[in-house]
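Hi everyone, thanks for making time. Let me put the sequence and the structure up on the screen, and then we can walk through a few places together.

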Amino acid sequence: MTAAHGIRPLSDTVHVSATLDKASAENFPVAPAFLPRAWRDGLTAVYGYARLVDDIGDGDLAPGGRDAVLLGLDPAAADDRLAMLDAFEADLRRVFGGTDGPPRHPLLLALQPVVRAHGLTPEPFLGLIEANRQDQRVTRYETYGDLVGYCELSANPVGRLVLSLTGTSTPERIRRSDAVCTALQIVEHIQDVAEDLGNDRIYLPAEDMRRFHVSEAELAAPSAGASVRSLVAFETERARELLNEGTPLVGSVHGRLRLLLAGFVGGGRAALRAVTAAGFDVLPGPPKPTKSGLLREVAAVLRTAPRKG
């Protein structure tokens, strides 16, 4: 039997595993073992989708063009990010019942039963694709509002999917979740200033750079001067305020979901603490929290998150 009949080559299994293995490098747990199996499977499938679309948008796909082939393109098309995103969106449509057969990419094929089991809609998945399209067109953000608008596409859909997968969506929880997810995205931008600049992207709002008298050339320095540190400290506090706004989400749920969401919030707080400990100098490389620091922050969130419901 061939891949078209549902049996994937071993090379594709290894290929998929390489994408999913990137979960260990995230600031927060993706699908920890304490969750029910159905939740873990759903979260892993959603993570695989989100990771792959980001890898397409960032040009971080595995060499050899296998992802392009899986999406029905020539291997050389793997370097054409917009063409890949278009093909990826077409394959996503197959997840939701397209007329030209099942999804072609194994990560999307794995997503299909999750979508059906939980009644997920295309919108959050399409938002993640659009965020990566935006990354190809927009490399600078003028205002903080512009950046938040980008996070609404690039980050907030993930939190909404977590709530949908666990059957806990309400308007208030979605609002709190959006605050947490936007904060986590901004935390990542703060950590990755140097890497983003290497890709000709700056997510620090231009209006804030002017306010703190920071030039793009200063962001390319080996280490941060006083003005860059002040700017990073300002954005760090903004992210912390967003996390605080979203923290009541943790107290609004119970059991293992409460622990998972505390992991998200605690992961963001631990990353911000690492940035602060580095004196807000993120230019030598992204400050990363220690495992013990992460656990302390998660414990603090569980102790202090107000309980509701």
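Start with phenylalanine 88, and set aside its neighbours within four places in sequence: phenylalanine 88 is in contact with Tyr49, Leu52, Val53, Ile56, Leu71, Leu108 and Ile129. Keep in mind, please, that this is a predicted model. Phe88 also turns up in the largest nonpolar core, which has 77 residues. The members that touch the most other members there are Tyr49, Phe88, Leu111, Phe125, Ile186, Leu219 and Leu261. And which helix gives the most to this core? That would be α15, with nine residues. As background, nonpolar side chains tend to be buried together in soluble globular proteins.

Now move along to glutamate 89, which sits in helix α4, residues 81-95. Is glutamate 89 buried or exposed? Glutamate 89 is buried, because its relative accessible area is 16%, and the cut-off for buried is under 20%. Not counting residues up to four places away in sequence, glutamate 89 touches Leu126, Ile129 and Arg133.

Arginine 93 is partly exposed, at a relative accessible area of 42%, whereas glutamate 89 is buried at 16%.

Let's go to a pair that reaches across the sequence. Arginine 140 forms a salt bridge with glutamate 216, and their closest N and O atoms are 2.9 Å apart. Arginine 140 lies in the loop between α6 (123-137) and α7 (144-154), while glutamate 216 is in helix α12, so this pair ties together parts that are 76 residues apart in sequence. Both ends are partly exposed: arginine 140 has a relative accessible area of 30%, and glutamate 216 has 39%.

Here is another pair to click on. Arginine 160 and aspartate 178 form a salt bridge, with 2.6 Å between the closest N and O atoms. Arginine 160 belongs to helix α8 (residues 156-165) and aspartate 178 to helix α9 (residues 171-191), so the pair ties together parts 18 residues apart in sequence. Arginine 160 counts as partly exposed, at 39% relative accessibility, and aspartate 178 counts as buried, at 15%.

Some salt bridges share partners, and these join Asp86, Glu89, Arg93, Glu130, Arg133 and Arg137 into one network.

Last stop, the backbone. Most residues other than glycine have a negative phi. Which way does histidine 213 go, positive or negative? Histidine 213 has a positive phi, near 55 degrees. You will find histidine 213 in the loop between α11 (206-211) and α12 (216-219). With a relative accessible area of 67%, histidine 213 is exposed. Phenylalanine 280 also has a positive phi, near 65 degrees. Its place is the loop between α15 (255-277) and α16 (291-304).

That's my tour, and I'm happy to take questions.

Definitions and conventions:
Residues numbered from 1 in each chain as written. Predicted model: local features only at pLDDT ≥ 70, side-chain atom pairs only at ≥ 80, totals over all residues. Heavy atoms only, no water. Helix = DSSP H or I, 4+ residues; strand = E, 2+ residues; numbered from the N terminus. Buried < 20%, exposed > 50% of the residue type's maximum accessible area, 1.4 Å probe, protein only. Contact = heavy atoms within 4.5 Å. Core = buried A, V, L, I, M, F, W, Y, C linked by side-chain atoms within 4.5 Å. Salt bridge = Lys/Arg side-chain N within 4 Å of Asp/Glu carboxyl O.
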